[in-house]
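Me: I'd like to go through a protein model with you, one question at a time. Can you show it to me?

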Amino acid sequence: MEILSGFAFYIPLVLIALIFLMAAIKILREYERGVVFTLGRFTGVKGPGLIILIPFVQQMVRIDLRTIVLDVPTQDVISRDNVSVKVNAVLYFRVIAPELATIQVENFMQATSELAQTTLRSVLGKHELDEMLSERDKLNSDIQEILDAQTDAWGIKVANVEIKHVDIDESMVRAIAKQAEAERERRAKVINAEGEQQAAQKLLEAAEILGQRPEAMQLRYLSTLNVIANERSSTIVFPFPIDFMDLLKSTKPQE
């Protein structure tokens, strides 16, 4: 009985020691860091691996250092040319300074999300709709630079921002289609006019070459007659020199 009573005396001590060890020993994974506070004051960042804390004196906050993918909700944006669009994006960031992410901001996830939403609206509102659709890479870079500069004080590194969708109203889609059709027609007319200009230039050069030798013009007449004859046409063409018409005008008697 005395032996059993002796063991009963040590059982509470063993339980207290086990509770003390469970509270003191912490294991952090490779991608985790522990921000340690001693009596409420920041005393350092520990991990990864096995760390030992003083129970009830030291507290630890776990911080994940992996890249976090944050979906930015759809935002209503009015472009610089007064077009209403709905835009959403995805944000990639990670914590590089666990102590700042814990001390400088209450909830860095929510703070980064809200900042990304406001930045997305402000940046896209400075651009026209055509720039949103055609210069998406530039807009992504501008948003990423602004977010990275503002979250630096929180110990957060914004790696990338990608605009996923730019949704516009159906009526605006039809207007854009008409604009694209008009642009294609304009380009077709310009190309046609440039072709006529180049053809006229070549004809002028050919006329200058043929005018230097009358025999060359006669050979061109014969070649044209040969082409007409091969087509089995009943039309007969007689070449009439332009110089001969000028000669007739000059010999017309004066009244």
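Predicted model: local features only at pLDDT ≥ 70, side-chain atom pairs only at ≥ 80, totals over all residues.

Reply: Residues are numbered from 1 along each chain as its sequence is written, and side-chain values use heavy atoms, with hydrogens and water left out.

Me: Which residues touch the most other members of the largest nonpolar core?

Reply: A nonpolar core here is a set of buried Ala, Val, Leu, Ile, Met, Phe, Trp, Tyr and Cys residues joined through side-chain atoms within 4.5 Å. Buried means under 20% relative accessible area, exposed means over 50%, and partly exposed is in between, using a 1.4 Å probe and protein chains only. The largest core has 34 residues, and the two that touch the most other members are Leu91 and Phe108.

Me: Which element gives the largest share of this core?

Reply: Helices (H or I, at least four residues) and strands (E, at least two) are DSSP runs, numbered from the N terminus. The elements that each supply at least two residues include strand S2 (32-38), strand S7 (84-95), helix H5 (136-151) and strand S8 (156-168). With seven residues, the largest share comes from H3.

Me: Which helix gives the largest share of the nonpolar surface patch?

Reply: Patch residues have over 30% relative accessible area and no salt bridge; like charges are joined within 9 Å, and nonpolar side chains (Val, Leu, Ile, Met, Phe, Trp, Tyr) within 5 Å. This patch covers about 980 Å², and among its members are Leu15, Phe20 and Ile52. Helix H1 (2-24), strand S1 (25-28) and strand S4 (49-52) each give two or more residues. The largest share, six residues, comes from H1.

Me: Is Leu15 buried or exposed, or partly exposed?

Reply: Leu15 sits in helix H1. Its relative accessible area is 48%, so Leu15 is partly exposed.

Me: What kind of aromatic pair do Phe37 and Phe42 form?

Reply: Rings of Phe, Tyr and Trp (its six-membered ring) pair if their centres lie within 6.5 Å; planes under 30 degrees apart count as stacked, over 60 as edge-to-face and the rest as tilted. A search of the whole structure turns up one aromatic pair. Phe37 and Phe42 are 6.2 Å centre to centre with 65° between the planes, and that makes their pair edge-to-face.

Me: How many residues apart in sequence are the parts that Glu32 and Arg62 tie together?

Reply: A salt bridge is a side-chain nitrogen of Lys or Arg within 4 Å of a carboxyl oxygen of Asp or Glu. Glu32 and Arg62 form one, with their closest N and O atoms 3.1 Å apart. Glu32 lies in strand S2 and Arg62 in strand S5 (residues 58-64), so the parts they tie together are apart in sequence by 30 residues.

Me: Which strand holds Lys86, the partner of Asp76?

Reply: Asp76 and Lys86 form a salt bridge with the closest N and O atoms 2.7 Å apart. They are ten residues apart, with Asp76 in strand S6 and Lys86 in strand S7.

Me: Is Asp148 buried or exposed?

Reply: Asp148 forms a salt bridge with Lys157, the closest N and O atoms being 2.9 Å apart. Lys157 counts as partly exposed at 33% relative accessibility. For Asp148 the relative accessible area is 17%, so Asp148 is buried.

Definitions and conventions
Areas by Shrake-Rupley, 256 points an atom, 1.4 Å probe, with all protein chains shown as cover.
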